[in-house]
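Student: Can we go through this protein together? I'd like to know where the labels come from.

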Amino acid sequence: MDSPRLSRRLLRSVLPALALALATAGLVGGGGPAPATAAPMSQTAAAATTTFSDEFDGAAGSAVDGSEWQIETGDNVDNHERQYYTSGNKNAALDGQGHLVITARKENPSNYQCWYGTCQYTSARLNTSGKFTQQYGHVEARMKIPRGQGMWPAFWMLGNDIGQVGWPNSGEIDIMENVGFEPSTVHGTLHGPGYSGSGGIGAGYTLPGGKAFADDFHTFAVDWAPDSITWSVDGNVYQHRTPADTGGNTWAFNKPFFLILNLAVGGYWPGDPDGNTAFPQQLVVDHVRVTTSDSQTGTGGRITGLAGKCMDVAAANNANGTPVQLYDCNGTEAQRWTVGADGTIRALGKCLDVASGGTADGTRVQLWDCNGSAAQKWAISAARDIVNPQANKCLDVTGNSSANSTRLQIWTCAGTANQKWTVNG
């Protein structure tokens, strides 16, 4: 949480892993011969594992679970924030309805002293350092953020080695930050050696129609794998980063991180509260969850087909509708696929999709936002067919051509070489 800002202090992260639950399917196409074997789908991987989950159930007014979170106290001169972070349940407490409420108040009942003199505000900051760390996975929080000039809520992660290497060498993954003067926009950012503070690598996501994030709960997440981090809001992917984005600087994110939640008041980036900022303000957290990613098996790998070439996302573009094609294997992110327990096959944070949910021979396949539809469900047979059960058709290389950039499609299963695939081979 150190955008046009300096460094903050401690926290932690997560890990994605995998699963491949594949159902039995009859693979005989309507107009062609049956595949070589219509064997049941292989059940080759375990389901995703939840490694951290806090649903914030408990009595109203009680503090967070001390076995999962520690409470930081004090001020923060580095960012010129105005709040004093208090201990216990003074500014972070359960509401008895399954939420954690972090409250920022314009008060100083205990004469707290800050970098600028007597503190004007109190708030809270929690982290999982020393209690939970993870490397890779799906990390999410469902939250309703506060509103008003000077408010700065954040959900983020820090490298667990920060005590040894310092910041920004530790790396920082900002999953969600909002500054009060942008009520409709949140930001996701990476900080590391050579790209920290105002030079962080990131992007914003803006709600349509001028809606404000403070009006409702939203789910903020990253999907994190080796050399790959993808951000989403309510399942809508808006940013994907790899080592290619660091300008030759070190990618600092292939190691364990810990989690942080906080609500800051003021600072270099958001600016200070003004006369229109109402207090108290609240960051309401419905849940925080970390899983080994129900969308992945292993860390992802290539899927090879005709002539030993790879299933590839054209130009490594993760825009909706990008063609999926055959191409020389080159080890890029555009060819790193993960197979999920939910039947999806994913790359670059999106799903392999049958265009318009079509079922006819020759319907092209593409990359698209994962949406749980039948157009994004696939089964892999022991005979190496990749089948879309809705269409009862096989993933097929158009025209049996092994030329680079040949589009992939669905076609009646025929057992031919252009319909045979090796997953992570």
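This is a predicted model: local features need pLDDT of at least 70, side-chain atom pairs count only at pLDDT 80 or more; totals for chains, interfaces and linings use all residues.

Student: Why does S184 count as buried?

Tutor: Buried means under 20% relative accessible area, exposed means over 50%, and partly exposed is in between (1.4 Å probe, protein chains only). S184 has 14% relative accessibility, so it counts as buried. Across the chain, 55% of the 425 residues are buried too.

Student: And why is F279 called partly exposed?

Tutor: Its relative accessibility is 23%, so F279 lands in the partly exposed class. F279 sits in the loop between β18 and β19 (281-291); strands like these are DSSP runs of E with at least two residues, while helices are runs of H or I with at least four, numbered from the N terminus.

Student: What does F279 touch, leaving out residues up to four places away in sequence?

Tutor: A contact means heavy atoms within 4.5 Å. By that rule, F279 touches A104, R105, K106, Y121, M151, V265 and P273.

Student: Back to S184: which backbone oxygen lies 2.6 Å from a polar atom of its side chain?

Tutor: That's the backbone oxygen of K211. A polar contact is a pair of N or O atoms within 3.5 Å; within protein, one must be able to donate a hydrogen and the other to accept it, and residues adjacent in sequence count only if both atoms are side-chain atoms. K211 is also on the contact list of S184, along with others including Y205 and F213.

Student: What makes something a nonpolar core?

Tutor: It's a set of buried Ala, Val, Leu, Ile, Met, Phe, Trp, Tyr and Cys residues joined through side-chain atoms within 4.5 Å. The largest one here has 51 residues, of which L100, I173, F253 and V288 touch the most other members. Strand β18 (residues 257-265) gives the most to this core, with five residues. Apart from it lies another core of 26 residues, including W378 and L408.

Student: How many helices and strands does the chain have?

Tutor: One helix and 31 strands.

Conventions:
Residues are numbered from 1 along each chain as its sequence is written. Side-chain values use heavy atoms; hydrogens and water are left out.
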